[in-house]
Amino acid sequence: MKIVCDRDSRFRDAFHMELHRLMGVQVASTTPYHPQGDGHMEHTNHTVERMPRDYVDANQMDWDLWCTPVEHAINDSRSAVTGFTPFELCWAAPRGERGDVVKKGTAHETARQFVQQLQTVRDILRVAQQQQVAQYDAHHRARRYALGDMVWVDATHLTQPGDRGLHKKPLKKRLGPMEVLEAFHTDQQMELAPGDRGAPAAYRLKIPQRWKVHDVFTVDKLTPVESGQDKFVDRSAKIPPPPVDVSGRKEMAMECIDRSRTRRRSGRTWTEDMVKWVGMPRSENEWKTHEDLRFDGVGRKYNPNRALQAGVREGRSQET
């Protein structure tokens, strides 16, 4: 048995991984932001979210009352591919005839028909998948990357710490360049001979340490770095100054404060400022409390409204 999930923590924590091992269940995790890995489930989730919109009240307080009708409508709908409803595939009969399944014949005959029906559906789905693969391959060119190649990463679903609260339109559409470290094939490709597997489906990249995302990306999220392409994209990039070693601690100077916010949690209230560091791009901006910042002792008081402040941050290395 195999469970396909989009790296959900409920399936990837230590408890469930051990439980799946003891039960003999294989967990197949898709790469981040790649709904094609479990497209059927993503399509079903989209249908579940869309159906109640025509029935819930304006205040949306009765949305839970429509969960059961939506579930029943989906399970009682005939698939255009298989020709069966989920009720028929689970109970070998429509919803209203579950109690009369065995009455139409012997138990062995009913079980044989049910197994034959499931095998027919599997064959139909296999043919449909092959047709979809052939249609996709006819309009897409397989792209290969060698280890050590430099690529751009699609930034549509990637949010850096300094991007929060900013408008999306002026942000970069691609991030990088990043080095390719490892290539991966799909399970179906791994069953073939090495010469027949084709182009890898995903690659592991050397991402910055500040990124809190999985380092494996599908090939459709990557773009090769062409010769001279980085001259325009990186024209405003600056080499950050090295951190200053003060009493064994690495510190960097603060350039300015972009904006402030008030946080409340567990009855406690505090203020945080978005700090820009000297020589660092705005993607490196961080939210810091007043206690996190230490001033240089020249007599200037801490004032979030000032455009330029003198300060340092502690514990940050030069690596990005």
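This is a predicted model: local features need pLDDT of at least 70, side-chain atom pairs count only at pLDDT 80 or more; totals for chains, interfaces and linings use all residues.

Q: What makes up the protein in terms of helices and strands, and how much of it counts as buried?
A: There are 8 helices and 12 strands. Of the 320 residues, 25% count as buried. As for contacts with a separation of 6 or more, 52% of them come from residues 24 or more positions apart.

Q: How do you know that the reach of helix H6 is close to the expected one?
A: H6 covers residues 107-139, which is 33 residues. At 1.5 Å a residue you'd expect 48 Å, and the first and last C-alpha are 49 Å apart.

Q: Which residues of H6 are buried, and what do they pack against?
A: The buried ones are Thr110, Gln117, Val121 and Ala128. Their packing partner is helix H5, residues 86-91.

Q: Why is Thr82 called buried?
A: Its relative accessible area is 11%, and buried means under 20%, so Thr82 qualifies. Thr82 sits in the loop between helix H4 (67-75) and H5. Leaving out neighbours within four places in sequence, Thr82 is in contact with Val121, Ile124 and Leu125.

Q: What makes the approach of Thr82 to Phe84 a polar contact?
A: A polar atom of the Thr82 side chain lies 3.3 Å from the backbone nitrogen of Phe84. The cut-off for a pair of N or O atoms is 3.5 Å, and 3.3 Å is within it.

Q: Why is the pair of Tyr145 and Tyr203 called edge-to-face?
A: A pair of aromatic rings is described by the distance of the centres and the angle of the planes. By the pairing rule there are 2 aromatic pairs. In the pair of Tyr145 and Tyr203, the centres are 5.3 Å apart and the planes are at 85°. Pairing needs centres within 6.5 Å, and edge-to-face needs an angle over 60 degrees, so both tests are passed.

Q: What parts of the chain does that pair link?
A: Distant ones: Tyr145 is in the loop between H6 and strand S3 (150-154), Tyr203 is in strand S5 (residues 202-205), and they are 58 residues apart. Both Tyr145 and Tyr203 are buried. The Tyr203 side chain also reaches the backbone nitrogen of Tyr145 at 3.1 Å.

Q: What about Val151: buried or exposed?
A: Buried, because its relative accessible area is 0% and the cut-off is under 20%. Val151 lies in strand S3. Among its contacts beyond four places in sequence are Tyr145, Gly176, Pro177 and Leu205. Val151 and Glu226 are 75 residues apart in sequence, yet their C-alphas are 8.8 Å apart in space.

Q: What makes the peptide bond from Gly176 to Pro177 cis?
A: Its omega is near 0°. Pro177 belongs to strand S4, residues 174-184.

Q: How do you know that Arg261 sits over the ring of Trp287?
A: The charged end of Arg261 is 3.9 Å from the ring centre. The distance limit is 6 Å, with a further test of lying within 35 degrees of the ring normal; Arg261 is listed as sitting over the ring. Arg268 does likewise over Trp270, at 4.3 Å from the ring centre.

Q: Why are Gln60 and Ser266 called exposed?
A: Gln60 has 54% relative accessibility and Ser266 has 78%. Exposed means over 50%, so both count. Gln60 is in the loop between helix H3 (39-50) and H4, while Ser266 is in the loop between strand S9 (249-265) and strand S10 (268-277).

Q: What is phi for Gln60 and for Ser266?
A: Positive for each: about 60° for Gln60, although it is not a glycine, and near 55° for Ser266, also a residue other than glycine.

Note on methods. Residues are numbered from 1 along each chain as its sequence is written. Side-chain values use heavy atoms; hydrogens and water are left out. Helices (H or I, at least four residues) and strands (E, at least two) are DSSP runs, numbered from the N terminus. The expected span of a helix is 1.5 Å times one less than its number of residues. Buried means under 20% relative accessible area, exposed over 50%, partly exposed in between (1.4 Å probe, protein chains only). Contact means heavy atoms within 4.5 Å. Rings of Phe, Tyr and Trp (its six-membered ring) pair if their centres lie within 6.5 Å; planes under 30 degrees apart count as stacked, over 60 as edge-to-face and the rest as tilted. A polar contact is a pair of N or O atoms within 3.5 Å; within protein, one must be able to donate a hydrogen and the other to accept it, and residues adjacent in sequence count only if both atoms are side-chain atoms.
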